[in-house]
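Dear colleague,

Please find below the structure that I am handing over to you. My notes on what was found in it follow directly after.

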Amino acid sequence: MDGSGLGRLDEVQRDPYPLYAQAHSAQGLLHVPELDAWLVARDADVREVLRRAEDFSSAGSLRPDVLPSPAALAVLGGGFGGRPVVVGSDGEAHQRLRLPIVRGLSPARVAAVLPYAAERAAALVGGFAGDGRVELMAAYARRLPGEVVGRIVGLDPADVPVVVHGGHRAEELLFRPLAEDEQIAAAEDVVALQHLLDRYARERAADPREDLCSEIVASVAPVPGELTLEQRHEAVSHLQNLLIAGHLTTTALIGTTVLHLLRHPRQWELLCAEPERIPAAVEEAARYDGALQGFRRVTTRPVTLAGTELPTGASLFVAFGGANRDALRHPRPDIFDITRRPGRHLAFGHGPHACPGAQLAREQLRLTLGELTRRLPGLRLADTDRPVAMRPTMIHRSPHRLDLAW
């Protein structure tokens, strides 16, 4: 995509909601050149696509917006990974790849990690509570989710910053236009993450533990012993995908949730006065401005969707964020209202690919809002004259910065 195309794509990604509204009122599906895809934005249509995995394949669901330069690709060639992962697989392969993740993020595993998550949430808020001002994304939102998912996977806390940084750099490399030297630097950070995960995989193969890393390794190497090179690539692919999904999405959701609550001071005050509303506030924030705006799908045969005839190989962008603003499902969809009766939104997907980490994300949001409402009820946006800029992405939508004061 050339510079002007990326500029238009940036505009769509920073605020996709006008485009969704246009798609809601269109006859059939809307083709969006900036996305190079047909936009599926109505709730009923999104649900239909997500249910019909045999007709709408997940292959290429994370197709990059930017192809790295040959020099950056050469650096990536020195790492691990590049094998199919759960989010981009279909059918039996998808079920096989998903099984250890579902087990690892079971209700029992989530419940077991909550005391640690609560302890870390309290400690992180305590680290800035006396300062009167904070940039929440760096001080909290980019830290808690990585620490929590790292605990479940079995990472040493000292390694979590490398994992979090590598995840952010992987996203930048594939979805942002960077100068070649920056691409190379980002690729080096990604490779450093991959080598770290390869060490964990080899260690767990030799000495399994009660953690998700061991379960993922066992899923690619059911026979104990030294991992083959191919098994190392597979294990790193799964671990990297899980860790990136496990922290980037929750980081984004923390940022957008706090942003919209503080943009609506009366709702923030209501939440502080009535903390029992926190679960409903989490659902409304996820519906109103979800971190994961959608995924790509590709048709496996000629199909008709919403009256639009699509050939085999047609590219679709399936917009969870658009479905969550569909007035036929959610009355007054563009109004942020934590007193709204929670409906069945699609912020965490639907069908075979529904997010297995949804409960873990929700619990971290609840802990976060519990800490902030209790300890910092006077929280407000620090710079009301300067609009908060959203990161240009449809996958981990969040503020660049969130400067707060109290």
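A crossing of two helices is called left-handed if the near helix is turned anticlockwise from the far one by less than a right angle, and right-handed if clockwise. Helices (H or I, at least four residues) and strands (E, at least two) are DSSP runs, numbered from the N terminus.

Before the findings, a note on the source. This is a predicted model, in which local features need pLDDT of at least 70 and side-chain atom pairs count only at pLDDT 80 or more, while totals for chains, interfaces and linings use all residues. Residues are numbered from 1 along each chain as its sequence is written, and side-chain values use heavy atoms, with hydrogens and water left out.

Helix pair

The crossing of α6 and α16 is right-handed. Helix α6 covers residues 107–128 and helix α16 covers residues 358–375; they pack at an angle of about 35°, with their axes 10 Å apart. Axes here are lines fitted to C-alpha atoms, for helices over the stretch in contact, and angles run from 0 to 180 degrees between N-to-C directions. Contact means heavy atoms within 4.5 Å. On the α6 side, the residues that meet α16 include Val-110, Val-113, Leu-114 and Val-125, and the residues they face in α16 include Leu-360, Glu-363, Leu-367 and Arg-375. By class, this contact of α6 with α16 has 11 nonpolar, two polar and three charged residues. In that count, Ala, Val, Leu, Ile, Met, Phe, Trp, Tyr, Cys and Pro are nonpolar, Asp, Glu, Lys and Arg are charged, and the others, Gly among them, are polar.

The sheet

Five strands form an open sheet with mixed pairing, in the order β1-β2-β8-β5-β3. Its edge strands are β1 and β3, each of which pairs on one side only. Two strands pair if DSSP finds at least two bridges between them.

Strands β2 and β8 run parallel and are joined by three bridges, with Leu-39 having Phe-317 in β8 as its bridge partner.

Strand β8 (residues 315–319) is also joined to β5, by five bridges in the antiparallel sense. Phe-317 in β8 is the bridge partner of Arg-296.

Which strand is largely enclosed by the rest of the structure? This is β5 (residues 294–299), because five of its six residues are buried. Buried means under 20% relative accessible area, exposed over 50%, and partly exposed in between (1.4 Å probe, protein chains only).

Helix α2 (residues 17–25) lies across β1, β2 and β8, running at about 150° to β1. Helix α3 (residues 43–51) lies across β2, β3, β5 and β8, at about 120° to β8.

Individual residues

Thr-256 is found in helix α12 (residues 229–263). Its relative accessibility is 1%, so Thr-256 counts as buried. A polar atom of its side chain lies 3.3 Å from the backbone oxygen of Leu-253. A polar contact is a pair of N or O atoms within 3.5 Å; within protein, one must be able to donate a hydrogen and the other to accept it, and residues adjacent in sequence count only if both atoms are side-chain atoms. Leaving aside neighbours within four places in sequence, Thr-256 is in contact with Asp-289, Met-390, Arg-397, Ser-398 and Pro-399.

Arg-325 is found in the loop between α15 (320–323) and α16. With 8% relative accessibility, Arg-325 counts as buried. The backbone oxygen of Tyr-288 lies 2.9 Å from a polar atom of the Arg-325 side chain.

Val-388 has its place in the loop between β9 (380–381) and β10 (403–405). At 22% relative accessibility, Val-388 counts as partly exposed.

With kind regards
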